Amino acid sequence: MKKAFLKTVAAALFIATAMPSSAADLLTVTGSDGTPKKVELAQIQKVHFEGEKMVITHSEGTHEVSLDGLQLSFDEKTSTGIISDANIADDIAVTIANGNITITAQNDKSFNVFVYSLQGQTATAIKGNGTITLDTNSLSKGAYILKVNDKVYKFIR
């Protein structure tokens, strides 16, 4: 089970660095200590695992993160290079972790959710408001595109 998880994390990082996206410039990795570490996707040179840690090597050094409670998210930065939270502008937060996608809209704002396979097939299409959680375990293993209103995210199942 642990090897499958590690392969999924490595594949997610590979796809995130290989696929262009207007919405993701930074990888945020949070370990069990709760401290987020942000790394520019374009600067990632290598990802490997040492015991119970994931090691990300990039142009400015390395980050070691405990696998216990590991969370990954993709963020964008503004043209000034300052990190911005893409979700604040439209009051919608998206979290992809542990086989679930949680979408939360402030003030019960409505949103449209689409999950596409890399072959372009629609796997899920729903309209929601407030908070919804999608279980990705029913999807075939592979890479997917998640679109929530006008924001696009990539994830691995």
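Residues are numbered from 1 along each chain as its sequence is written, and side-chain values use heavy atoms, with hydrogens and water left out.

Let's start with the whole chain. Its secondary structure comes to one helix and 14 strands; helices (H or I, at least four residues) and strands (E, at least two) are DSSP runs, numbered from the N terminus. Of the 157 residues, 35% count as buried, where buried means under 20% relative accessible area, exposed means over 50%, and partly exposed is in between (1.4 Å probe, protein chains only). The accessible surface comes to about 9,000 Å², and 50% of that belongs to carbon and sulfur atoms; these areas come from the Shrake-Rupley method with a 1.4 Å probe, and for residues only the protein chains shown count as cover. Among contacts (heavy atoms within 4.5 Å) with a separation of 6 or more, 49% are between residues 24 or more positions apart.

How far should you trust it? The mean pLDDT (the predictor's confidence in each residue, from 0 to 100) is 75, and 74% of the residues reach 70 or more. Confidence is lowest in strand S7 (residues 83-84), with a mean of 38, and highest in strand S12 (residues 131-135), at 92. Two stretches to watch are residues 15-23, where pLDDT is below 50 and the model has 17 contacts beyond near neighbours in sequence, and residues 78-89, also below 50, with 14 such contacts. Where pLDDT is low, the predicted coordinates should not be read in detail.

Now back to Glu50 and Lys53. Strands S3, S4 and S5 form an open sheet in the order S3-S4-S5, with antiparallel pairing. Strand S3 (44-50) and strand S5 (61-66) stand at the edges with a single partner strand each, so one side of each has no neighbour in the sheet. Neighbouring strands here are turned by 20° against each other on average, direction ignored; axes are lines fitted to C-alpha atoms, for helices over the stretch in contact, and angles run from 0 to 180 degrees between N-to-C directions. S3 and strand S4 (residues 53-58) run antiparallel and are joined by six bridges. Two strands pair if DSSP finds at least two bridges between them.

Next, follow the chain to strand S13 (residues 143-148). Five of its six residues are buried, so S13 is largely enclosed by the rest of the structure. Strand S10 (residues 110-117) pairs with S13 in the antiparallel sense over five bridges, and here Val113 stands opposite Val148. S13 also pairs with S14, again antiparallel, over six bridges, with Leu146 opposite Tyr153. The hairpin of S13 and S14 has two residues between the strands, and Asn149 takes a positive phi near 50° there. Asn149 counts as partly exposed because its relative accessibility is 24%. Asn107 is another non-glycine residue with a positive phi, near 55°. Asn107 is found in the loop between strand S9 (100-105) and S10, and at 75% relative accessibility it counts as exposed.

Finally, the rings. The structure holds two aromatic pairs; rings of Phe, Tyr and Trp (its six-membered ring) pair if their centres lie within 6.5 Å, and planes under 30 degrees apart count as stacked, over 60 as edge-to-face and the rest as tilted. Phe114 and Tyr116 are stacked, at 6.0 Å centre to centre with 10° between the planes. Phe114 is partly exposed at 28%, and Tyr116 is partly exposed at 25% relative accessibility. The rings of Tyr144 and Phe155 have centres 5.5 Å apart and planes at 20°, so this pair is stacked. Tyr144 lies in strand S13 and Phe155 in strand S14, so the pair ties together parts that are eleven residues apart in sequence. Both Tyr144 and Phe155 are buried.

Strand S14 covers residues 151-156, and Phe155 has a relative accessibility of 6%. Not counting residues up to four places away in sequence, Phe155 touches Ile96, Ile101, Val115, Thr136, Leu139, Gly142, Ala143, Tyr144, Ile145 and Leu146. Phe155 and Phe74 are 81 residues apart in sequence, yet 9.8 Å apart in space, C-alpha to C-alpha.

Conventions
This is a predicted model: local features need pLDDT of at least 70, side-chain atom pairs count only at pLDDT 80 or more; totals for chains, interfaces and linings use all residues.
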